[in-house]
2 protein chains.
Amino acid sequence: MTDSREFLFPAKMLSKAGAGERIACELRMRIISGVIESGAVLSENKLATDFAVSRSPIREALKVLASEKIIRLERMGAVVVGLAEKEIQEIYDVRLLIETFVFERLVRMDTDQLSRELSKILEMMKIAIKYRDADEFALQDVLFHQTIIGSINHSYILMIWDNIKPVMECLILLSMRMRMRKEEEYEDFTRIIKNHEIYIEAIESKDRALMIESLHLNFDDVQVQEKVEDLWRSQQILSKGAVKNND
Amino acid sequence: MTDSREFLFPAKMLSKAGAGERIACELRMRIISGVIESGAVLSENKLATDFAVSRSPIREALKVLASEKIIRLERMGAVVVGLAEKEIQEIYDVRLLIETFVFERLVRMDTDQLSRELSKILEMMKIAIKYRDADEFALQDVLFHQTIIGSINHSYILMIWDNIKPVMECLILLSMRMRMRKEEEYEDFTRIIKNHEIYIEAIESKDRALMIESLHLNFDDVQVQEKVEDLWRSQQILSKGAVKNND
DNA sequence: TCAAGTATACTTGTATACAAGTATTATAGG
DNA sequence: CCTATAATACTTGTATACAAGTATACTTGA
């Protein structure tokens with residue numbers, strides 16, 4: 001069994017989280033990164049002993065992961081579904097869907113406050129790049145989109161975001177960690193920053209066409225494809241000592 | 001305290017459900033119907049004694065309801081949010097969003113199997129009307145849309161549906177129960193059937209324009225407004241002996 | 001009468017215990 | 001050697017127990 005003492009999920013983001021949430025985040029990372037392979041069967045008891053907690057927080061975590069569709073709760077054990085290319089594309093479908101919806105609302109709103117907030121986050125992202133802090137960069141990237149989505153005060157759009165956010169977070173986290181390692185992909189980050197700047201500009205000018213363009217800059221097949229590749233490479237690296245099943 | 005022995009949620013739909021799910025469904029009905037008023041604070045211990053179960057299934061139920069945004073989990077107690085007109089409109093926003101998305105996929109698929117399934121469900125709905133079985137009608141109505149959404153095999157669109165489905169179910173359940181009581185609203189049901197027939201026709205002919213039309217027939221402001229009114233009347237009736245708070 | 005501090009009763013989060021059910025394995029019989 | 005049955009070990013779901021923290025209310029002092 002992989003040593004439970006080394007965690008993939010950044011600890012700093014779990015400061016005031018309970019055991020259940022903590023374990024959900026860690027399991028999510030392990031599943032999405034491929035450390036826990038698709039098809040594996042997780043047992044509450046085994047996880048409880050591995051994480052050195054009782055079954056209560058484990059059950060909580062499994063419920064969360066099941067609602068995110070990355071595991072499937074069955075009679076005996078939770079089977080890992082994981083993220084293949086299909087699932088990643090599907091998540092981006094949903095993201096595109098809701099951000100388009102949000103845009104339509106935004107054009108009828110006062111977006112001054114929002115664009116200021118977004119600019120602040122963008123500055124943070126630049127700093128994160130400067131100091132090669134992949135985790136911080138990913139965190140701010142997620143926050144950027146969450147800020148946009150949250151700005152229209154739509155509880156059920158926010159509900160959708162709540163459901164895909166954790167998975168997005170993991171994806172971006174892993175992707176950024178991979179890219180930060182390599183010097184030659186530095187331009188990737190400047191491109192991402194550029195895309196986000198266009199995004200803000202679109203919101204400020206309420207230019208629907210520009211909005212669509214910036215959306216597609218962010219979600220293009222290319223980019224998704226890159227994410228998939230990043231993920232694959234990440235899995236290659238991490239799964240050196242991966243668990244096939246419950247040993 | 002309202003007697004816990006009389007349940008709002010149809011028992012037949014909970015045949016193989018655990019205590020947690022059962023309680024979630026019942027609480028959801030009570031909240032949406034207004035028996036439990038918005039702003040009320042629910043305590044795990046109190047609910048546990050009221051439902052005569054332990055806190056484990058209660059906790060499970062509350063987590064579910066929180067993910068549906070009809071309650072808000074806070075430090076001390078779960079505060080009831082409920083559904084005002086705004087929230088109902090928002091749920092329909094989401095439903096419109098995903099069904100539109102599904103349609104775009106459907107036009108590129110073989111929909112023979114699907115349209116046969118839908119026809120079957122429609123027949124069931126007619127029978128339900130004939131025998132004035134509001135619960136059965138509501139159940140089939142929900143199943144109708146779930147069948148469409150599920151047909152494109154998109155896990156994350158299905159995830160969204162999973163989240164709004166229970167609330168939709170309650171809304172339709174309450175709305176139909178109200179309408180079944182009154183003879184003069186009988187034409188409502190024939191109109192709903194008609195709408196669903198158009199829906200099927202649109203899918204069969206893959207006529208995008210007709211799809212949109214049938215969508216709007218189902219989700220028109222009028223209809224939503226009626227739903228809200230139904231809900232309001234339902235609340236008026238049910239809340240005769242409603243709980244204001246924890247007594 | 002009012003303020004401050006303490007005591008109490010209630011809250012959630014986690015751990016443990018128990019019961020009912022299911023897959024697996026081993027054993028007995030053909 | 002293969003099949004059927006029974007025993008076993010593991011699974012989840014629920015109940016209970018305990019610990020840490022928070023709001024309320026009361027008491028004590030001025």
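Helices here are DSSP runs of H or I with at least four residues, strands are DSSP runs of E with at least two, and both are numbered from the N terminus.

## Getting started

With that in hand, chain A reads from the N terminus on as α-β-α-α-β-β-α-α-α-α-α-α-α. In total, chain A has ten helices and three strands.

A few ground rules before we go on. This is a predicted model, where local features need pLDDT of at least 70, side-chain atom pairs count only at pLDDT 80 or more, and totals for chains, interfaces and linings use all residues. Residues are numbered from 1 along each chain as its sequence is written, while chains are lettered from A and ligands numbered from 1 in the order in which they are written.

## Two domains in chain A

Chain A splits into domain 1 (11-82) and domain 2 (85-234), with bounds that come from an automatic or database domain assignment. Taken over C-alpha atoms, the centres of domain 1 and domain 2 of chain A are separated by 26 Å.

Where do domain 1 and domain 2 of chain A touch? Eight residues from domain 1 of chain A and eight residues from domain 2 of chain A make the contact; two residues count as in contact if their C-beta atoms, placed from the backbone, lie within 7 Å. On the domain 1 side, helix 1 of chain A gives the most, with four residues. That side of domain 1 of chain A has four nonpolar, two polar and two charged residues. For these classes, Ala, Val, Leu, Ile, Met, Phe, Trp, Tyr, Cys and Pro count as nonpolar, Asp, Glu, Lys and Arg as charged, and the others, Gly among them, as polar.

## Inside chain A

Of the 247 residues of chain A, 37% count as buried. Buried means that 20 or more other C-beta atoms lie within 10 Å of the residue's own, exposed means 12 or fewer, and partly exposed is in between, with C-beta atoms placed from the backbone. Take A:Leu171, found in helix 7 of chain A. Why does A:Leu171 count as buried? Because A:Leu171 has 25 other C-beta atoms within 10 Å. A:Leu171 and A:Ile192 are 21 residues apart in sequence and, C-alpha to C-alpha, 15 Å apart in space.

There is a sequence-distance angle too: among contacts in chain A between residues at least 6 apart in sequence, 71% join residues at least 24 apart.

Chain A holds an open sheet of three strands in the order 1-3-2, with antiparallel pairing. Strands count as paired if DSSP finds at least two bridges between them. At the edges sit strand 1 (41-42) and strand 2 (71-73) of chain A, each pairing on one side only. Strand 1 of chain A is joined to strand 3 (residues 78-80) of chain A by two bridges, and the two run antiparallel. A:Val41, for instance, has A:Val79 in strand 3 of chain A as its bridge partner.

Chain B also has an open sheet of three strands, ordered 1-3-2 with antiparallel pairing. Strand 1 (41-42) and strand 2 (71-73) of chain B each have a single partner strand, so one side of each is left without a neighbour in the sheet. Over in strand 3 of chain B, B:Ala78 stands opposite B:Leu42.

## How the two chains meet

Chain A can be laid on chain B with an RMSD of 0.0 Å by a turn of 180° and a shift of 0.0 Å along the axis. The two copies are thus related as by a two-fold rotation axis. In chain A, the C-alpha nearest the axis belongs to A:Ile160, 3.2 Å from it. The copies are superposed by least squares on the C-alpha atoms of residues with pLDDT of at least 70 in both.

How many residues of chain A are in contact with chain B? 18 residues of chain A are in contact with 18 residues of chain B. Helix 3, helix 4 (85-106) and helix 7 (155-181) of chain A each give two or more residues to the side that touches chain B. That side of chain A divides into nine nonpolar, four polar and five charged residues.

## Around the DNA

DNA strand C is surrounded by 17 residues, the closest being A:Gly18, A:Ala19, A:Val53, A:Ser54 and B:Ser43. A residue is near a strand if its C-beta atom, placed from the backbone, lies within 6 Å of it. Helix 1 (19-33) and helix 3 (55-67) of chain A, together with helix 2 (44-51) of chain B, each supply at least two residues of this surface.

DNA strand D also has 17 residues around it, and the closest are A:Ser43, B:Gly18, B:Ala19, B:Val53 and B:Ser54. Here the elements giving two or more residues are helix 2 (44-51) of chain A with helix 1 (19-33) and helix 3 (55-67) of chain B. The surface near DNA strand D divides into six nonpolar, seven polar and four charged residues.
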